[in-house]
Amino acid sequence: EWQRRNIYRFGKYRKCHEKGIRRKVLLIESWGEPIDLRKRIVRWQTNIVKTIDHYVANPQMVVHYTVSREEPQRSETDVEDFDKFVLTSAESATRAVSSKYSLTRIQSSEAESEFRSVCQAKVGDLAAIHELSMTDTGIATETQQALNARATLQAQAEGLKAAARLEVDMSRNFIEAAKAYHSEGYSDEPIGKIAERLRLWSFVQA
């Protein structure tokens, strides 16, 4: 039901037969390989790609495709290896599209739609691309190290910001306390000096 087969007479394409019994005229006719019309699914790890934010990835991809039902014979008469033709088109589409997206958006539905659209344009009407998507980003070792280093720096920066905010809050509290000491007559030193002493005493107690 899902197979077709090209018939050649004296080496020239004659017809694409559907299911059923067929007779072959010896020495005059030859048959091509069976053409499968069912959906084909191929997974592969594509060539290394570079995202728009300059990260290197080696993503895991999957492509679902079928031979053209209108002209299935062309999958044999127009290309040497139909499956390889679709796969190389998908790989090329992956590299072209990946360079337009950041690492965090490369698996978005928008990117997936563009993957499929570009691949379909490359194979033309020889095949129907039903899906071309990324199942795993496959971050390269160098990229992973860079991401880890960036995450560490970001954490350190956030820690420094938090420490700075705490420092400001503590200073304000000591200044308010110093003002109270000064106004109540406990010390006639400048408020800043009083605050400095209070902070020192607090540190020693801690």
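Predicted model: local features only at pLDDT ≥ 70, side-chain atom pairs only at ≥ 80, totals over all residues.
Figure 1. The side chains of D83 and R40 meet in a salt bridge, with an N to O distance of 2.5 Å. This pair links distant parts of the chain, 43 residues apart: D83 belongs to helix α2, and R40 belongs to strand β5 (residues 40-45). R40 is buried, its relative accessible area being 18%, which falls under the 20% cut-off for burial. Side chains of opposite charge can pair when their charged atoms come close.

Figure 2. In one of them, the side chains of E110 and R105 meet at 2.5 Å, N to O. E110 is partly exposed, with a relative accessible area of 46%, and R105 also counts as partly exposed, at 36% relative accessibility. Salt bridges with shared partners join E71, R74, D78 and D125 into one network. Within this network, the side chains of E71 and R74 meet in a salt bridge of 3.2 Å, N to O. E71 has a relative accessibility of 32% and therefore counts as partly exposed.

**Figure 3. The largest nonpolar core.** This core holds 24 residues, of which F82, V86, F115, I129 and L132 touch the most other members. Two or more residues each come from β8 (60-67), α2 (82-98), α3 (109-123) and β9 (127-136). Helix α2 gives the most to this core, contributing five residues. Another core lies apart from it and consists of five residues, among them A178, I194, A195 and L198. In soluble globular proteins, nonpolar side chains tend to be buried together.

**Figure 4. Surroundings of I129.** Which residues does I129 touch, not counting residues up to four places away in sequence? The contacts of I129 are V63, H64, Y65, V86, R116, C119, Q120 and V123. One of these, V86, is listed with I129 among the core residues that touch the most other members. C119, another contact of I129, is buried, with a relative accessible area of 0%.

**Figure 5. Cysteines C16 and C119.** Are C16 and C119 buried or exposed? C16 is buried at a relative accessible area of 15%, and C119 is buried at 0%. A disulfide is a covalent bond between the sulfur atoms of two cysteines. A search of the whole structure finds zero disulfides.

**Figure 6. A nonpolar patch on the surface.** F10, V25, L26, L27 and I28 form this patch, which together has about 600 Å² of accessible area. F10 is placed in the loop between β1 (3-9) and β2. V25 is found in the loop between β2 (12-17) and β3 (29-31), and L27 lies in the loop between β2 and β3 as well. F10 is exposed, its relative accessible area being 65%. L27 is exposed, with a relative accessible area of 88%. V25 counts as partly exposed because its relative accessibility is 39%.

**Figure 7. Backbone angles at F10 and L27.** What is the phi of F10, which is not a glycine? F10 has a positive phi of about 55°. L27, likewise a residue other than glycine, has a positive phi near 70°. Both F10 and L27 belong to the nonpolar surface patch.

Terms used. Residues numbered from 1 in each chain as written. Heavy atoms only, no water. Patch = residues over 30% accessible without salt bridge, like charges linked within 9 Å, V, L, I, M, F, W, Y side chains within 5 Å. Areas by Shrake-Rupley, 256 points an atom, 1.4 Å probe, with all protein chains shown as cover. Salt bridge = Lys/Arg side-chain N within 4 Å of Asp/Glu carboxyl O. Helix = DSSP H or I, 4+ residues; strand = E, 2+ residues; numbered from the N terminus. Buried < 20%, exposed > 50% of the residue type's maximum accessible area, 1.4 Å probe, protein only. Core = buried A, V, L, I, M, F, W, Y, C linked by side-chain atoms within 4.5 Å. Contact = heavy atoms within 4.5 Å. Disulfide = S-S within 2.5 Å.
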